Amino acid sequence: MLALMNAQTNSMNGRDLINSAARFGLIAALALFVIGQLVASAAPAEANSLKPPAKGDIPIAFVISEGAVVIDFCGPWEVFRDVMVSGGDHPFRLYTVSDTSSPIHAGGGMQIIPDYTFANAPAPKVVVIPAQSEPSAAMLKWIRESTKNTDVTMSVCTGAFVLAKTGLLSGKSATTFHSAFNSFAMEFPDIHLKRGARFVEDGNLSSAGGLSSGIDLALRVVERYYGRDVAQKTAYNMEYQGQGWMNADSNQIYAAAPVSTAEHPLCPVCGMDVDPKIAPKSVFKGSTYYFCSDDDKKTFDAAPDKFADATLRR
C-alpha cells in the first residue's frame, strides 16, 4: 500500500511539474508575443523617418485637375491641416496646383480655384496626387522635377496612374485602387503591383489604395515626420478610428480578386459587379463579357486577349 501511495505521489508530482512547465511555457510565449507586438508596433515609427526643417513649415502641394476625386485629396488635406506639434504650431503649409488658375471641377461638381499653376508653384516637400482626369504633359513634368527634392511624393487611388506615367515608378513597388489592379498591371508591367496593401513606400515615392486609404498614408507621413504620438493625437482629434496607417498590409481583403461567374458576372476591366440585364457586353472567343460602362467596353474591345487572360488568372 505504501509503495502504491508513493507511486501515486510521484505520479502527481510529475504531473504537477509538467503542468507547471506548461504554464510557464504559456506565460513565456505570451510574454514574447506581447514584446513582439510592441516591437512591431514601434518599428514603423522609427523606420523610414523624415526630418522636419529646423525652421519654417513643410510645403505640401496637392496636384489637381478636372474630375479630381474629393476624398483622395481632401482626406489627406484634413490630416495635414489638423497636425499640431509642440507649442500648438501647425507645421504643414497646404496649397493646390494645376495647369491654370482657372476653376476646376472635382468629383461631384465641386468647384476649386487652384492656388498656383505649374509655372509659379512653390517647391514642395510633399506632393499629393489624387485620382483625376488624364494628366497633361506640364503636370507630369512638374511632378518629375519636384520629386527630385521632395521628402514624399504620394499618389492616392488611381492617382497611381498619374505617378506611373511620369516614369518615376518604373522598377519600383506601388499599389492603387483595387478595381484598377488589372488595368494598372497591364499598362505598367515594369512596376511591382502590391495587391492587398493599404499603402506602399519605395524611397521618396508612396502610393495608397483607394479613396480612404489616402487618409492612412497621410497619417503615416505625419508619423514619419513627428512620430507615432503626434499621428495618434491627430487621428484622435479627427475622430478617425482607422488603424490602417499603422499597418501597410491591412488591405488583405483586396489581395484576392473576386471570381466572375455566370450568376454574378464581374466587369473584366475594373472587376466590379455588373447587371447583365442592362450592362454593355462583348463576345470574345465564344464567351460573353459584361461591363460597368461603355468606356470599359471600349477598353476591353481594344485588347480583349489581355483582359480575357487576366480574368482567367483571377
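How many bridges join strand β7 to strand β11, and do these strands run parallel or antiparallel? Select residues 152–155 (β7) and 205–208 (β11): three bridges join the two strands, which run parallel. Within this pair, M154 has S206 of β11 as its bridge partner. Strands pair, in the sense used here, if DSSP finds at least two bridges between them. Helices (H or I, at least four residues) and strands (E, at least two) are DSSP runs, numbered from the N terminus.

The model is predicted, and local features need pLDDT of at least 70, side-chain atom pairs count only at pLDDT 80 or more, while totals for chains, interfaces and linings use all residues. Residues are numbered from 1 along each chain as its sequence is written, and side-chain values use heavy atoms, with hydrogens and water left out.

**The sheet**

Next, display the whole open sheet of seven strands, in the order β5-β2-β1-β6-β7-β11-β10, with mixed pairing. Its edge strands, β5 and β10 (199–202), each pair on one side only.

**Helices on the sheet**

Select helix α2 (residues 70–82), which lies across β1 (58–63), β2 (92–98), β6 (126–129) and β7. The direction of α2 is at about 155° to β2. Axes are lines fitted to C-alpha atoms, for helices over the stretch in contact, and angles run from 0 to 180 degrees between N-to-C directions. Helix α6 also packs on the sheet, touching β1, β2, β6, β7, β10 and β11, and makes about 165° with β7. Contact means heavy atoms within 4.5 Å.

**The cores**

Now colour I60, F80, F92, V128, W142, F184 and V222, the residues with the most contacts inside the largest nonpolar core, which has 63 residues. Such a core is a set of buried Ala, Val, Leu, Ile, Met, Phe, Trp, Tyr and Cys residues joined through side-chain atoms within 4.5 Å. Helix α6 (residues 213–226) gives the largest share of this core, seven residues. Apart from this core lies another, of 11 residues, among them C267, V274, A279 and A308. Return to I60: leaving aside neighbours within four places in sequence, its contacts are F80, F92, R93, L94, Y95, V126 and V128.

Select T117 in strand β5 (residues 116–117). T117 counts as buried because its relative accessibility is 15%, and buried means under 20% relative accessible area (1.4 Å probe, protein chains only). Beyond four places in sequence, T117 touches V97, S98, D99, T100 and S101.

Finish at S146 in helix α3 (residues 137–147). S146 is buried, at 11%, and touches P124 and V127, not counting residues up to four places away in sequence.

Methods. Buried < 20%, exposed > 50% of the residue type's maximum accessible area, 1.4 Å probe, protein only.
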